[in-house]
Amino acid sequence: MPAARSPGGKDAEDYLPLSGPALHILMALVNQERHGYAIMREVTERSEGTIRLGAGTLYGALKRMLADGLVEESGEAVDPELDDERRRYYRITSLGRAVARAEARRLAALVRVARSKRLIGPELA
Amino acid sequence: MNSELLLRMLVHAYPIPFRERFATELLQTIKDQRRAHGKHGVVADLGFWSRVVLDVVQSASREHVLAACEHRRPVQLARLAIGRTFIAAAGAQVAFDLLTPELDMGIEASLLTAMVTLAGALLTCRTSTA
């Protein structure tokens, strides 16, 4: 399977290392499309409250990720859990998925190095 | 001044192209956050709005830096960033005063807020006409 590339011909590895907000946004979109507030909520819940994206930080990151082709808009819809306002939804692209996978592998390699140097124990999930 | 008006003022700190694309979503998302935050008293509300204002100031400054780098006007960038930061800081001070009327900061604080606002407006206007 050919590697996903951006319109400018960049490989997934060319986007590494990802910024914190970008990685968390991609992780939030891996399994489903979400609107902005749902992305923020997913990041907070998954990190058990340790990471809270501000709205300005979120949309600044989304702007750059849209330009880089890591995410794309998937239309507008109402979120019945909130109210009857239409919200713009975002989804991850194949390039975004490849970049997220590459970043996860990079971080996993860092964890292996930390374990080998006994900075962390093997019990860390 | 209600929170809706304050939010629209804050969003005005962003560059025009960013506002045109994301202002509606920004306002919607901050309102969603506010709804989820609920009512917890003055101190908790102050903490919530402080985080919102700080995030807007940081991200708006970043967007202005990026926009100016695209157009390679560093002096104009510096003036605009400083001017907008002054205006945002003055807006935060006004918000604080409105949310905590029992905390009378005195005439000195009001004068300082007015001076910071004026300085920010002058820097921004000079940038616009430069």
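Is helix 2 of chain A largely enclosed by the rest of the structure, or open, and how many of the eleven residues of helix 2 are buried? Eight of the eleven are buried, so helix 2 of chain A is largely enclosed by the rest of the structure. Here buried means under 20% relative accessible area, exposed means over 50%, and partly exposed lies in between, with a 1.4 Å probe and protein chains only. Helices (H or I, at least four residues) and strands (E, at least two) are DSSP runs, numbered from the N terminus.

The model described here is predicted, so local features need pLDDT of at least 70 and side-chain atom pairs count only at pLDDT 80 or more, while totals for chains, interfaces and linings use all residues. Residues are numbered from 1 along each chain as its sequence is written, chains are lettered from A and ligands numbered from 1 in the order in which they are written, and side-chain values use heavy atoms, with hydrogens and water left out.

To return to helix 2 of chain A, the buried residues are A:Gly36, A:Tyr37, A:Ala38, A:Ile39, A:Met40, A:Glu42, A:Val43 and A:Thr44. Their cover includes helix 1, strand 1 (34-35), helix 3 and strand 3 (86-92) of chain A, together with helix 2 of chain B. Just after helix 2 of chain A comes A:Glu48, with a positive phi of about 55 degrees, although A:Glu48 is not a glycine. This residue lies in the loop between helix 2 (36-46) and helix 3 (55-68) of chain A, and A:Glu48 is exposed, with a relative accessible area of 73%.

A:Arg118 is found in the segment after helix 4 (94-116) of chain A and is exposed, at a relative accessible area of 76%. In the segment before helix 1 (20-29) of chain A sits A:Pro17, which is joined to A:Leu16 by a cis peptide bond with omega of about -5 degrees.

The two chains also meet each other. Counting contact as heavy atoms within 4.5 Å, 18 residues of chain B are in contact with 21 residues of chain A. The area buried between the chains is about 1,700 Å², of which carbon and sulfur atoms give 48%; buried area is the accessible area (1.4 Å probe) that two parts lose on being put together, summed over both. In chain B, the residues that lose the most area to chain A are B:Glu25, B:Gln28 and B:Thr29, together 27% of what that side buries.

Across this interface the rule finds five salt bridges, a salt bridge being a side-chain nitrogen of Lys or Arg within 4 Å of a carboxyl oxygen of Asp or Glu. A salt bridge joins the side chains of A:Lys63 and B:Glu63 (2.6 Å, N to O). On the side of chain B that touches chain A, the elements giving two or more residues are helix 2 (16-37) and helix 3 (42-71) of chain B. Helix 2 of chain B gives the most, with twelve residues. A:Thr57, in helix 3 of chain A, touches A:Pro21, B:Asp55 and B:Ser59, not counting residues up to four places away in sequence. At 16% relative accessibility, A:Thr57 counts as buried.

Aromatic rings complete the picture. A pair of aromatic rings is described by the distance of the centres and the angle of the planes. Rings of Phe, Tyr and Trp (its six-membered ring) pair if their centres lie within 6.5 Å; planes under 30 degrees apart count as stacked, over 60 as edge-to-face and the rest as tilted. A search of the whole structure finds four aromatic pairs over all chains. The rings of B:Phe18 and B:Phe22 have centres 5.0 Å apart and planes at 45 degrees, so this pair is tilted. B:Phe18 and B:Phe22 are four residues apart in helix 2 of chain B, and are therefore separated by about one helical turn; both are buried. For B:Phe48 and B:Trp49, the ring centres are 5.1 Å apart and the planes at 75 degrees, so the pair is edge-to-face. B:Phe48 is buried, with a relative accessible area of 5%, and B:Trp49 counts as buried at 8%. Ring pairs also link A:Tyr59, B:Tyr14, B:Phe18 and B:Phe22 into a cluster.
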